[in-house]
Amino acid sequence: DDAQIMRKENVEQLQQQHTQVYDDAKLLYRTLETKKEKFDKSAVIQVLCRRSWSHLALVCNEYGKKSMFDLRAMIERRFGKHSKSGHALQCIIDVARNRHSFFAQLLHQSFNKMSTDHDTLI
């Protein structure tokens, strides 16, 4: 009896999580891919900064199903190539997708310079 209740609660939680992932991807799609010159940066920042890493990875996948563009690429397009906030959001996406790869690349970049960048390394 208790096991059935637990399974039912788990199924409900998974359904809620899937709904939240879908809603977040839909919000990001509408926000980033509108033709308007001005867009709501705070909506993008809220989604990417207030969700768990696993949730963000699922959102990235769901966004990819809706759009012909990658979420990371759309953030670069909308925020600009030289935007610090855009770069920070791209880093969040990279960590959500594969944190080990992100930090390995960061470490590799720090060693690739003529002299080791100790600040980046540390």
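From the N terminus on, the protein chain's elements run α-α-α-α-α-α. Keep in mind that this is a predicted model.

**Exercise 1.** Find out which residues of helix 2 are buried, and why they end up on the same side.

*Solution.* Start with helix 2, which spans residues 41-49. Its buried residues are Ala43, Val44, Val47 and Leu48. Now look around the axis: they cover an arc of only 120°, so they sit on the same side of helix 2. An α-helix has 3.6 residues a turn, so residues three or four places apart point the same way.

**Exercise 2.** Describe how helix 3 and helix 5 pack.

*Solution.* First, locate them: helix 3 covers residues 53-66 and helix 5 covers residues 84-112. Next, take the geometry. Their axes are 8 Å apart, at an angle of about 100°. Angles of 65 to 115 degrees count as roughly perpendicular, so helix 3 is roughly perpendicular to helix 5. Then list who makes the contact. Helix 3 brings Trp53, Leu56, Ala57 and Cys60, while helix 5 brings Ile92, Ile93, Val95, Ala96, Arg97 and Arg99. Finally, sort them by class: eight are nonpolar, none polar and two charged.

**Exercise 3.** Say what share of the protein chain's residues is buried, and what its accessible surface comes to.

*Solution.* Of the 122 residues, 29% are buried. The accessible surface comes to about 9,000 Å², and 53% of that belongs to carbon and sulfur atoms.

How values were computed: Residues numbered from 1 in each chain as written. Predicted model: local features only at pLDDT ≥ 70, side-chain atom pairs only at ≥ 80, totals over all residues. Heavy atoms only, no water. Helix = DSSP H or I, 4+ residues; strand = E, 2+ residues; numbered from the N terminus. Buried < 20%, exposed > 50% of the residue type's maximum accessible area, 1.4 Å probe, protein only. Areas by Shrake-Rupley, 256 points an atom, 1.4 Å probe, with all protein chains shown as cover. Axes fitted to C-alpha atoms, helices over the stretch in contact; angles between N-to-C directions. Parallel < 35°, antiparallel > 145°, perpendicular 65-115°, else oblique. Contact = heavy atoms within 4.5 Å. Nonpolar A, V, L, I, M, F, W, Y, C, P; charged D, E, K, R; others polar. Arc of directions from axis to C-beta.
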